Amino acid sequence: MKKSITLALLFLSVFAFAQQKTIDEKVEALIKQMTIEEKIGQLNQYTGDNAATGPITINPNKQAEIKKGLIGSMLNVLGTKYTRQYQELAMQSRLKIPLLFGQDVVHGYKTTFPIPLAEAASWDLEAMELSARISATEAAASGIHWTFAPMVDISRDPRWGRVMEGAGEDTYLGSKIAYARVKGFQVNLGDVNSVMACVKHFAAYGAAVGGRDYNSVDMSNRMLWETYLPPFKAALDAGAATFMNSFNDLNGIPATGNSYLLRDVLKGKWNFQGFVVSDWGSIGEMVSHGYVKDNKEAALSAITAGSDMDMESNTYRYNLEKLVEENKVPIALVDDAVKRILRKKFELGLFDDPYKFCNPEREQRELNNPEHTKAAREIAAKSIVLLKNERDVLPLSKGLKTIAFIGPMVKSKRDNHGFWAVDLKDIDSSYIVSQWEGVERKVGKRTKILYAKGCGVESKSKEGFAEALNVASQAEVIILSIGENWNKSGEAKSKSNLQLPGVQEELVKELQKTGKPIVILINAGRPLIFNWTADNMPTIVYTWWLGSEAGNAIADVLFGDYNPSGKLPMTFPRDEGQIPIYYNHFNTGRPSINEDKIYKSAYIDLPNSPKFPFGYGLSYTTFEYSNLKLSKKEMKNNETITVSVNIKNTGSVKGEEVVQLYLRDKVGSVVRPIIELKDFQKITLNRGETKTIEFTIDNQKLSFYNNALELVSEPGEFDLMIGSSSADIRLRDSFELVN
Ligand code: NOJ
């Protein structure tokens, strides 16, 4: 049996190699026939007629250019009908090279999943892989070949609106998620249910100064390698077909023209064989950066550095040929970029059948099919974070007679979809489940639900308060749904003020005076600040933007059909003044112990601690951690230690717990964080059940980048912490790495 599996694997890899070889041969044969204009055409990507996802640019006659073979790829063309129309134009070109259709399929296509930051709160890698797989299936069924996702930028700054697109602040968690998402999108690349992933934004975009989008990044190479690059490497290890460079400059060099990042690291050290697409207009933007004097220099810089495809800046289109003629750009450099792109078109099978992804029946069948809807509901429920449940108001009884469902988010549909939902023009939104619909379906006719909007999300008017108080007075329980609108966290949505907008917190105060039990739902794309609510209201649920099944998922959690298990993937600050704030910081020479402020590294007007820490989230049950055991207390770097721990469900309902393993390297040749996530397991326990779980400590978990940028582990003592969050460590021990 084993032998036949080995033989089959051998056959498959020989087959894959042979196939690759033929693709390379086909690419070589094709490129020999191409004129320089046609080659540059392959490097050129234009936006189509759907909503633009960047500043509007005036493109020349796209249709005519496609027929001349001057465009290699389009974005923002959606649906089998339109992608077919464009592909038909490409088939009229001399060499009939098919177009690639790219799209920001960031958290679902028609079926919308929670925004990525929310999904990260599930810590459920299988669920995230599944959501990417379903997104890919739907997008591919709709003519798309390539998604501009996953976004794997680590960010420690909730002022940056794009935190909603990533996996939060932690490198370990972010790397695991990056891997899972790429696997999901590319499940079976070349098949009609998969799309190419595009890992973005390379690199360090999440560290934009002041959290202001597109801003500069200045960081040490050590920080870059230790904190910001690992998720990109993980995505590459998962087989990511493409990368996108970022808008920012990194230490003075725009990422688009950054040879160190693209040529030395990505295509050199990491041996990336796919292609790099620029971000929207980012090649031309190097002029505004003040890095090059004009578009011609921008094209020279970008192609030399390793940006293969030009998204929307027309810079290659109008400058590259001249640069080749003047011998400033060797034709081999252009050829390399073209080959990388052609190879992907062959691998996708587009030369065999350019309309492979244009099947309207499949499109009809796959978009938002019941299986996808079911998965979206489950994943949305897993992404919800229970922040407070002090008086056990939750879960609500299904036998309640009257509920007052109040707030500007109760009946909203668009907000549930969040930023970066695909803008499907011809589709009505009735399939998006509002919170009102979700709760109504859940309680049926048994419970009367009263509605009042109370106030707008951002409006300053308190006119609706009276009606809200009126319905509240008639109910046994109040559910209040507040937050920020869908378009307030996302690209170009940086904010200096993260407080709950408008008069929403004043509405909370008014309703609190009724003395009735109140469940607060906070809908947002990033960590918001809501100190009064957090300090005074006993029941708070963070619901993010959960996608098309938001209403059902929220109702599942509110009424206990799903026991919440989400844990924050980002630190929630008390105040904007604490930002950047992250759990895995250094100790400093003067750490503030117990918020001591006298000559300590502290704020005199604020505690150092966050409002809600990384890894935090409650359940309707409780978990007891015990019996921490290490297989040994000393290890050499070619050895491992097995860590085991017992987790018991001590409450009265079934639940899931994310058991988190943290380490601290006590002394290093460069200082090490006071605590670092190094592993986790999400487990399900029935009421009263105990499970023993095991982790393995190996050398990789102990390694870090030293000042010479070598990945090393250094002998010495390590603290080991097992916890339910980064600030709720239940068990501790230590071990030694020896020579
Ligand atoms: C700009 C964004 O930065 C990028 O993430 C996105 O993929 C492109 N626009 C295309 O929409």
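A: H10 and H12 are roughly parallel to each other, because angles under 35 degrees count as roughly parallel, over 145 as roughly antiparallel, 65 to 115 as roughly perpendicular and the rest as oblique. This is a predicted model, in which local features need pLDDT of at least 70, side-chain atom pairs count only at pLDDT 80 or more, and totals for chains, interfaces and linings use all residues. Residues are numbered from 1 along each chain as its sequence is written, and side-chain values use heavy atoms, leaving out hydrogens and water.

H10 spans residues 259-269 and H12 spans residues 295-305. Helices are DSSP runs (H or I, at least four residues), numbered from the N terminus. The two pack at about 25°, with axes 8 Å apart. Axes are lines fitted to C-alpha atoms over the stretch in contact, and angles run from 0 to 180 degrees between N-to-C directions. H10 brings Ser-259, Leu-262 and Arg-263 to the contact; H12 brings Ile-303, Thr-304 and Ala-305. Contact means heavy atoms within 4.5 Å.

Now the ligand. It is surrounded by 13 residues, the closest being Thr-53, Asp-104, Arg-162, His-201 and Asp-279. A residue counts if one of its heavy atoms lies within 4 Å. For His-201, a side-chain N or O atom is 2.7 Å from an oxygen atom of the ligand. Taken alone, the ligand exposes 300 Å², and the protein buries 100% of that (Shrake-Rupley method, 1.4 Å probe).

Key
Polar contact = N/O pair within 3.5 Å; in protein donor to acceptor, adjacent residues only side chain to side chain.
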